[in-house]
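Please study the structure shown below with care.

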Amino acid sequence: MQDLKHLSRKKQFSAFRFFGFYRSNRKIKDSGERTVLRLPIPVGKRREQLKHILLFLAVVLALTPVCALVYQKSPHMVRAVTLWLHSHSTPDIKAAEAAKPPASGSFESAVRLFDTAVVNDGQLTARSAGGDTLHYTIKDDLQKRVHDFMAQKQVPFGVFVAIEPSTGRILAMTSYSSVDPQWPQSAFFDLYPMASLFKIIIASAALENKKITPQTVVEFRGAPYSENPRYWDISPRGNNNRMDVGYAMGKSINPVYGRVANNIVGKASVMEYVHKFGFNQALFPGVPVKASKTSDPQPGHALMLMGAGLDHEVKISPLHAAVIMGAIANQGRMMVPTLTDKVVSAAGTEKDGHKPRELRRLVSPETAASLTQMLSNTVTRGTSRRAFHDRRGRPMLAGIDIAAKTGSIDGISPKGHYSWFAAYAPAHEPRIALVALVINQDRWKIKSAQVGEQALEEFFRH
């Protein structure tokens with residue numbers, strides 16, 4: 001401890017010496033005379049130091065307006081420089097954060113450990129670095145059947161997702177590519193042109209707004225699968241084609257749904273349901289899936305193309321598409337998708353048990369029932385009839401009614417012909433909702449409906 005008698009007054013900051021602002025320099029006269037403050041002129045070494053300080057202040061004053069102008073004109077550049085300086089000033093913290101493993105109960109960590117999973121007593125499990133055991137929701141027999149089928153057919157690109165509608169539990173999530181071994185790793189979460197699956201959203205908007213019923217008849221011109229909306233408007237002289245929207249859904253008739261979007265629903269309602277179905281937003285927190293997106297079409301031909309599913313800028317991930325089908329199957333309620341039933345710690349304590357959570361409501365139960373009625377045409381007399389009936393016309397899955405929708409469009413990433421199949425079954429008491437996407441290239445290997453048929457056959461085999 002310091003001896004108090006040895007404490008002395010601390011020296012003042014040396015910069016003040018140049019201006020003589022010491023208390024000892026003040027002379028107070030009792031005579032009442034005006035005190036004149038005289039500043040001593042520095043000489044020698046102090047003079048040189050004063051020159052340097054004045055020069056420094058002059059530079060600062062000169063650069064101040066320039067810096068203000070740069071900040072005003074280029075805020076993004078300033079922010080980028082600031083972030084760069086910050087990132088380089090704390091490298092150890094960022095490295096430590098990057099090294100931390102994700103929480104074992106999260107969706108993303110379950111995806112990362114997916115390739116290390118093994119089957120134990122019919123249950124797919126994986127062990128995390130921290131010793132936790134993840135118990136997956138996956139049905140291994142269903143997953144294996146679909147993957148082996150795509151591998152046997154050597155599809156260029158194929159991806160499949162199946163969900164339990166009432167809980168959001170993912171029952172299968174597999175992919176295969178005979179062209180690019182790296183593609184399957186992110187195939188579930190990447191975006192692809194949605195094609196005619198978008199007709200489901202158009203029908204939902206029209207049904208919810210009481211614009212149509214499944215029996216509503218729409219007139220149109222042009223071929224059923226025409227891709228040019230200039231020929232879809234009806235002729236005032238009559239002699240137009242006529243079709244009810246339920247049958248048109250099963251047959252995927254472009255002019256009907258193009259005209260429903262533009263002439264019956266309108267852009268405002270279409271975009272309202274685009275948002276409600278989860279496009280152009282981060283829909284699944286904690287899930288490494290890209291946000292599905294749409295364009296902003298002008299009323300007229302552009303809106304018709306979107307309604308028909310011909311807008312290449314309307315893109316969706318297979319996972320999102322499967323969740324949408326699960327929501328319609330679940331009376332309009334969209335559930336949060338999950339990959340794990342539970343997580344068991346190294347000590348044997350169960351944690352992160354799965355609890356079904358509703359994400360949002362897409363449509364009313366009445367609209368969901370109408371959609372089911374319309375989608376049931378796809379397998380019975382529509383675009384997927386061949387995949388689900390033998391050569392004599394007998395159903396391959398007798399006694400199981402299926403609500404489904406197909407989609408077909410050309411794409412560039414990867415390049416090829418995109419074939420979608422989305423379904424749920426049994427249609428009126430759904431236990432499974434699924435989506436299959438097959439991208440064929442020069443030669444057609446299989447259609448996505450064939451993948452769906454294999455999956456449903458395996459699922460209902462037990």
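Which residues are buried in helix H10 (residues 301–308)? In this predicted model, the buried residues of helix H10 are Leu303, Met304, Met306, Gly307 and Ala308. Each of them counts as buried because its relative accessible area is under 20%. After H10 comes Gly309, which has a positive phi near 85°.

The next topic is the nonpolar interior. In soluble globular proteins, nonpolar side chains tend to be buried together. In this model, the largest nonpolar core contains 87 residues. The residues with the most contacts inside this core are Tyr136, Val256, Tyr257, Leu319 and Trp420. Helix H11 (residues 318–329) supplies the largest share of the core, nine residues.

Ile53 belongs to helix H1 (residues 45–73). Is Ile53 buried, partly exposed or exposed? Ile53 counts as partly exposed because its relative accessibility is 33%, and the limits for this class are 20% and 50%.

Thr338 is placed in the loop between strand S10 (333–335) and strand S11 (340–344). Thr338 has a relative accessible area of 13%, so this residue is buried. Which residues does Thr338 touch, when those up to four places away in sequence are not counted? They are Phe107, Thr137, Gly168, Arg169, Ile170 and His354. A polar atom of the Thr338 side chain also lies 3.4 Å from the backbone oxygen of Thr340. Sequence separation and spatial distance can be set side by side for Thr338 and Val287: they are 51 residues apart in sequence, and their C-alpha atoms are 9.1 Å apart in space.

The backbone itself deserves attention as well. Ala195 has a phi near 55° and is found in the loop between strand S6 (192–193) and helix H6 (199–208). Because its relative accessible area is 1%, Ala195 is buried. Ser252 likewise has a positive phi, near 55°, and is found in the loop between helix H7 (245–251) and helix H8 (254–265). At 7% relative accessibility, Ser252 is therefore counted as buried.

Finally, where are cis peptide bonds found? One joins Ser413 and Pro414, with omega about 0°. Pro414 is in the loop between strand S14 (403–412) and strand S15 (415–425). Another cis peptide bond joins Ala425 and Pro426, with omega about -20°. Pro426 is in the loop between S15 and strand S16 (432–440).

Note on methods
Residues are numbered from 1 along each chain as its sequence is written. This is a predicted model: local features need pLDDT of at least 70, side-chain atom pairs count only at pLDDT 80 or more; totals for chains, interfaces and linings use all residues. Side-chain values use heavy atoms; hydrogens and water are left out. Helices (H or I, at least four residues) and strands (E, at least two) are DSSP runs, numbered from the N terminus. Buried means under 20% relative accessible area, exposed over 50%, partly exposed in between (1.4 Å probe, protein chains only). Contact means heavy atoms within 4.5 Å. A polar contact is a pair of N or O atoms within 3.5 Å; within protein, one must be able to donate a hydrogen and the other to accept it, and residues adjacent in sequence count only if both atoms are side-chain atoms. A nonpolar core is a set of buried Ala, Val, Leu, Ile, Met, Phe, Trp, Tyr and Cys residues joined through side-chain atoms within 4.5 Å.
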